[in-house]
Amino acid sequence: MEATGTDEVEKIKSKFMSAWHNMKYSWVLKTKTYFSRNSPVFLLGKCYHFKSEESGELSADGSNFDKLSTEISGNVEEFRKDFISRIWLTYREEFPQIKGSALTTDCGWGCTLRTGQMLLAQGLMLHFLGRAWVWPEALAMDSCDSESWPSSTVRKLTASLEASLAAESEPKIPRQPRRGPATRPWDGTELRNEVYHRKIISWFGDSPVAAFGLHQLIEYGKKSGKAAGDWYGPAVVAHILRKAVEEARDPELQGVTVYVAQDCTVYSSDVIDRQCSLVDSGKAGTKAVIILVPVRLGGERTNTDYLEFVKGILSLEYCVGIIGGKPRQSYYFAGFQDDSLIYMDPHYCQSFVDVSIKDFPLESFHCPSPKKMSFKKMDPSCTIGFYCRTVQDFEKASEEISKMLKSSSKEKYPLFTFVKGHSRDYDFASSPLHEENDLFSEDEKKRLKRFSTEEFVLL
């Protein structure tokens with residue numbers, strides 16, 4: 001009886017905290033982000049120039065681009081289209097209850113899991129869609145920068161679908177969205193890309209069955225001592241993402257693997273072994289790999305000597321971003337201009353979207369406007385991500401990044417290193433355990449606990 005009473009108290013406490021966080025994060029004052037006309041803008045390896053004869057700044061929503069030349073305006077539009085096409089994953093409310101808790105929202109604690117999801121989503125977009133892909137409907141997004149955007153706005157996006165909640169969910173070619181009369185119909189390639197666009201987003205849905213959804217990530221986090229409502233650091237999230245990809249059963253995901261660097265070291269033979277591992281069908285095949293490198297860019301504060309290296313990393317097309325942030329908040333860093341980082345912010349509380357519904361609304365999964373932050377404000381704890389489709393791509397990337405690390409390092413030791421051979425050759429644990437009820441090896445558990453004590457506290 002006493003235990004039942006305690007459970008009820010915990011449920012009431014969880015509901016109270018959820019209600020408080022929902023109110024706190026439901027209203028967000030969206031301020032304009034300005035970009036210099038005189039400096040290039042980099043976004044996940046792509047460079048955009050807004051340069052013109054006039055001096056001044058440009059806002060990200062395009063509201064003061066009228067005086068620019070057609071060429072420059074086009075470049076601005078290309079940047080906006082590219083940025084908006086990235087998958088944006090934020091706090092959500094009113095999703096199915098998380099197993100073992102009374103939580104139906106991640107407001108206030110799930111931001112690093114969300115930034116980790118965004119990084120993984122970018123890796124999957126490179127794998128299935130390529131870096132050149134952009135969402136055809138990107139510029140139809142209304143940025144609403146000068147207004148407060150309540151979560152109820154997003155809730156309206158799903159209101160029209162209430163009548164079809166019981167409809168059958170089928171992975172068919174989606175109907176073409178309503179477009180302007182002068183717009184040409186989509187061709188076969190665009191329709192195929194839209195199928196993958198929706199499929200990738202569905203893998204991150206807020207339901208227990210979604211491969212990389214919050215519910216699944218929390219289950220894997222339990223193996224490292226984490227629970228729903230706890231804060232997660234960038235390194236812990238890297239290991240959780242690796243396990244999530246390993247355990248994914250969708251046939252489409254069998255051609256992708258994730259490698260997490262050990263103590264700032266990437267062991268080349270371990271990576272290649274993962275890429276050349278057997279797929280579930282029993283046939284040998286080369287897998288694409290997403291490499292995650294947890295690092296610290298300084299002690300208590302970020303060392304500005306690392307700025308050029310971070311900019312160099314974000315200039316690479318195979319970079320899938322950085323899980324980082326500033327103290328007490330996690331952001332997904334995707335680009336830069338001058339000494340400011342461009343990021344997507346997960347700290348918006350939006351309503352749950354059922355991604356199992358045919359033609360579920362996509363708008364809330366795409367960020368209408370970028371944000372910028374000075375590199376000096378960045379927390380030193382972060383995880384850097386790269387995508388390599390083939391073994392040859394990995395070998396080329398390791399060589400390129402090694403040169404970048406060497407040239408940017410003013411200290412005796414670089415931020416991280418690529419080493420030939422296997423980790424077992426250096427007295428590390430030879431392989432993770434694959435027991436049914438033990439997803440992390442003992443060595444991994446120790447490493448995760450150490451990361452948990454070193455990383456920054458999140459809201």
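Me: What does the cover over the buried residues of helix 5 include?

Reply: Helix 3 (111–128) is part of what covers the buried residues of helix 5. Here, buried means under 20% relative accessible area, with exposed over 50% and partly exposed in between (1.4 Å probe, protein chains only). Helices (H or I, at least four residues) and strands (E, at least two) are DSSP runs, numbered from the N terminus. The model is predicted: local features need pLDDT of at least 70, side-chain atom pairs count only at pLDDT 80 or more, and totals for chains, interfaces and linings use all residues. Residues are numbered from 1 along each chain as its sequence is written, and side-chain values use heavy atoms, with hydrogens and water left out.

Me: Which residues of helix 5 are buried?

Reply: An α-helix has 3.6 residues a turn, so residues three or four places apart point the same way. In helix 5, the buried residues include Glu-190, Asn-193, His-197 and Ile-201.

Me: Is His-197 buried or exposed?

Reply: His-197 is buried, because its relative accessible area is 1%. Leaving aside neighbours within four places in sequence, His-197 is in contact (heavy atoms within 4.5 Å) with Leu-129, Trp-133, Trp-135, Leu-362 and His-366.
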